[in-house]
Amino acid sequence: MKKIFSIALMFFMALGLNAQIDRSQAPKSGETPEIKLPEAQMWTLNNGLNVIVVENHKLPTVNFTLQFDLDPILEGDKAGMLDVFGDMMNAGTKTKTKEQINEEIESLGGSLRTSASGISISTLKKNDKEAFAILSDVLLNPSFPQAEFDKTIKQYLTALESSEKDSKAISSRVSKTILYGKNHPYGEVVTPESIKNVTVTDVQNLYNTYFKPNVAYLVVNGDISKKEVKKLLNKHLKNWKKGDVPTHKYETPKNPIATEIDFVNVDAATQSIISIVNLQDLKNSNPDFFAARAGSSILGGSGTARLFMNLREDKAYTYGAYSSMRSDKLVGKFYAGSSVRNEVTDSAVVQLMLEIKKIRLEQVTSEELSKQKNSLFGSFAMTLESPATIANFYLNEQILKLPKGFYANYLKEVNKVTAEDIYKANNKYMLPNNSRIIIVGKAVDVIPGLKKLGYKINYFDNYGNPSEAPSLSKPIPAGVTVSTVLGEMSEALGGKDKLVKVKTIMQNFSMQMGPYAIDGTIKAMAPYMSFNEMKMQGTVIMKNVFDGEKGYIMSQGQKMPFNNEQIKTATAAKTIFPWLEYEKEEYQAELVGIVPVEGKDAYKLKVNVAGATTYLYISTESKLLVQKEIIKEVNGQKITESTTIKDYKEFDGIMFPTSISVKVGPQVMEMKVSTLQVNKGVKKSDFK
């Protein structure tokens with residue numbers, strides 16, 4: 001157990017790549033590229049179905065996309081119903097099961113996607129007739145089988161459970177509720193309760209109510225002609241009948257009178273997710289649309305933008321900081337934000353607000369404007385390589401009520417934008433005095449600093465419901481010291497007399513990192529010796545060995561010797577259980593307080609280990625270590641490695657954790673210990 005908490009950090013360091021970017025030269029603006037889009041052929045069927053065909057015969061592929069132009073739907077206590085409906089559209093038809101449809105699609109070399117707003121199928125040219133027949137069958141004859149429905153509901157409940165403590169997932173759903181309110185379709189939050197309220201009848205009713213041809217567009221692009229499309233439509237969709245479709249209107253959400261902080265507490269968070277947001281009426285058809293987007297891009301649209309250069313390059317608060325300006329038919333949104341270390345959360349808020357205010361007070365430079373235009377020219381040109389994107393341009397012009405030629409003239413409009421235009425748009429759409437600063441983080445670490453900023457702070461739970469302010473700390477009872485807390489932990493593990501007799505351990509574990517399954521082995525021999533090995537499909541992807549004096553990391557076929565800092569860290573713990581030493585003066589151990597960890601009280605112990613600040617969170621109830629944080633500096637960046645420790649089991653009379661979750665930055669590794677041996681199976685030769 002000596003090294004298990006630092007595996008993740010070394011693994012990520014070993015696999016890391018550094019990109020060097022020359023930012024010393026600003027690109028020069030050239031002439032506006034001329035855009036010649038392939039002409040679209042459009043017509044409307046008698047049943048009201050709008051058809052858009054964009055021919056492209058360079059590749060033998062065809063894509064059919066059926067898109068419904070519907071007003072957003074308020075789901076109420078059945079939030080999540082539309083998502084379930086979208087999945088169920090591909091759950092089988094009156095004559096075919098889901099498995100049969102998937103087999104047919106695979107045999108055609110195609111792909112089928114369904115959602116609450118449409119159906120799409122891609123295929124090779126030679127199979128376009130068969131593919132369109134499948135799309136038509138899915139569209140006209142969905143069966144919504146109960147067994148598939150039950151399976152879908154179960155999958156959603158599992159996904160919700162796994163996201164309960166995920167800060168990004170929490171930030172996403174809470175932000176919607178806070179910004180738009182639960183009576184607006186954009187503000188609804190899916191909960192286990194709302195998903196359980198959804199029935200097959202609800203799904204069937206949605207289909208019968210909204211899937212009508214007179215509110216739909218069929219967009220076809222690829223190696224196919226208008227004549228061929230007409231034949232397919234006449235064969236498969238001529239009997240699809242039009243019908244009345246409900247329309248919906250909603251009250252426009254409002255920004256706060258004064259900027260406020262809306263905070264969600266996540267006890268296990270090692271980073272704060274900061275989102276500074278205000279809403280506004282911004283549509284693609286607005287005269288200042290291009291200037292507004294340009295201003296947001298200069299502020300935080302790339303790795304050379306102002307937010308990135310400030311918060312990452314200058315302050316080293318984060319891996320990245322960005323902003324965006326989103327247009328929408330109902331309500332647009334300006335966003336600026338970042339994920340930062342807990343201890344710099346308040347400082348990051350100050351810098352984000354500073355940059356937003358600064359870009360409103362002065363015009364952007366000619367260099368920034370030139371870079372932004374050239375970047376947009378390049379990215380827009382890349383989108384033109386996709387026939388599907390070009391077809392969607394014509395669809396957007398129809399659905400968003402854009403002027404004809406909006407995309408053909410896109411770059412011309414971009415090139416017209418001046419620094420003065422951006423200045424005016426920034427002052428219109430970026431509202432630092434009427435924004436919500438939504439923060440998901442660890443209250444005990446960040447609230448004291450946030451209170452000093454002077455904003456009103458509102459508190460919410462992880463589903464966006466108003467809540468009481470979380471308890472930041474409890475006083476340490478009389479007589480409780482570093483010595484008593486560590487002593488109680490030793491006793492809870494099996495007793496100090498047993499712990500000091502442990503000279504070696506060997507444990508095997510499995511680990512999931514994203515989609516990858518990894519098997520590993522850890523060996524340790526006191527003092528100092530350690531061996532960590534990870535394999536993926538039987539192949540060693542990382543090995544970390546230290547013999548007590550020198551060590552190395554083996555990764556990607558390269559062997560890298562330990563540097564002085566790594567040797568210092570490796571020799572910091574003289575025993576298998578490092579905390580047996582923490583009472584010594586060199587560790588500067590300090591009992592900070594009692595704080596909540598996943599809703600339960602824990603002693604927070606601060607220790608200096610090999611120059612790195614380490615926090616141990618020891619349950620006041622079980623007396624066991626439940627969480628650990630190590631703050632290190634790597635390549636000039638401060639990195640927090642957080643470990644959540646669970647499921648203690650007894651091995652040879654000593655309690656060891658068997659479930660360990662390690663988080664470094666955005667990476668999370670879930671480790672499950674399968675076997676563990678004490679004082680056997682390890683020899684000195686293992687550490688060579």
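Tutor: Buried means under 20% relative accessible area, exposed means over 50%, and partly exposed is in between (1.4 Å probe, protein chains only). This is a predicted model, and its residues are numbered from 1 along each chain as its sequence is written. Local features need pLDDT of at least 70, side-chain atom pairs count only at pLDDT 80 or more, totals for chains, interfaces and linings use all residues, and side-chain values use heavy atoms, leaving out hydrogens and water.

Student: How many salt bridges does the structure hold?

Tutor: A salt bridge is a side-chain nitrogen of Lys or Arg within 4 Å of a carboxyl oxygen of Asp or Glu. The number of salt bridges in the structure is 24.

Student: Which residue forms a salt bridge with Lys604?

Tutor: The closest N and O atoms of this pair are 3.0 Å apart. The partner of Lys604 is Asp445.

Student: How many residues apart are Lys604 and Asp445?

Tutor: Lys604 is in strand β20 (residues 600–609), and Asp445 is in helix α17. Helices (H or I, at least four residues) and strands (E, at least two) are DSSP runs, numbered from the N terminus. The pair links distant parts of the chain, with a separation in residues of 159.

Student: Lys604: buried or exposed?

Tutor: The relative accessibility of Lys604 is 8%. The cut-off is under 20%, so Lys604 counts as buried.

Student: What does Asp445 count as?

Tutor: The relative accessibility of Asp445 is 24%. Buried needs under 20% and exposed over 50%, so Asp445 counts as partly exposed.

Student: Which residues do salt bridges that share partners join into one network?

Tutor: Here the salt bridges share partners. The network is made of Lys125, Asp128 and Glu228.

Student: Which residue meets Lys442 in a salt bridge?

Tutor: Two side chains meet here, at 3.3 Å from N to O. Lys442 is in the loop between β11 (436–441) and α17 (443–451), and its partner, 187 residues apart, is in strand β22 (residues 625–634). Lys442 is buried at 1% relative accessible area. The residue that meets Lys442 is Glu629.

Student: In which helix do Glu148 and Lys151 lie?

Tutor: Glu148 and Lys151 form a salt bridge with the closest N and O atoms 3.8 Å apart. Glu148 is buried at 11%, whereas Lys151 is partly exposed at 41%. They are three residues apart, about one turn of the helix, and that helix is α5.

Student: What is the omega of the peptide bond from Ala526 to Pro527?

Tutor: Most peptide bonds are trans. The bond from Ala526 to Pro527 is cis. Pro527 is in the loop between β14 (516–525) and β15 (529–536). Omega of this bond is near -5 degrees.

Student: What is the phi of Phe144?

Tutor: Phe144 lies in the loop between α4 (128–140) and α5 (146–162). Phe144 is buried, with a relative accessible area of 4%. Its phi is positive, in a residue other than glycine, and is near 45 degrees.

Student: Which side chain does a polar contact join to that of Asn286?

Tutor: Asn286 is in the loop between β8 (271–280) and α10 (289–300). Asn286 is buried at 16% relative accessible area. Leaving aside neighbours within four places in sequence, Asn286 has contacts (heavy atoms within 4.5 Å) with Asp281 and Tyr429. The polar contact (N or O atoms within 3.5 Å, one able to donate a hydrogen and the other to accept it; residues adjacent in sequence count only if both atoms are side-chain atoms) is 3.4 Å and reaches the side chain of Tyr429.
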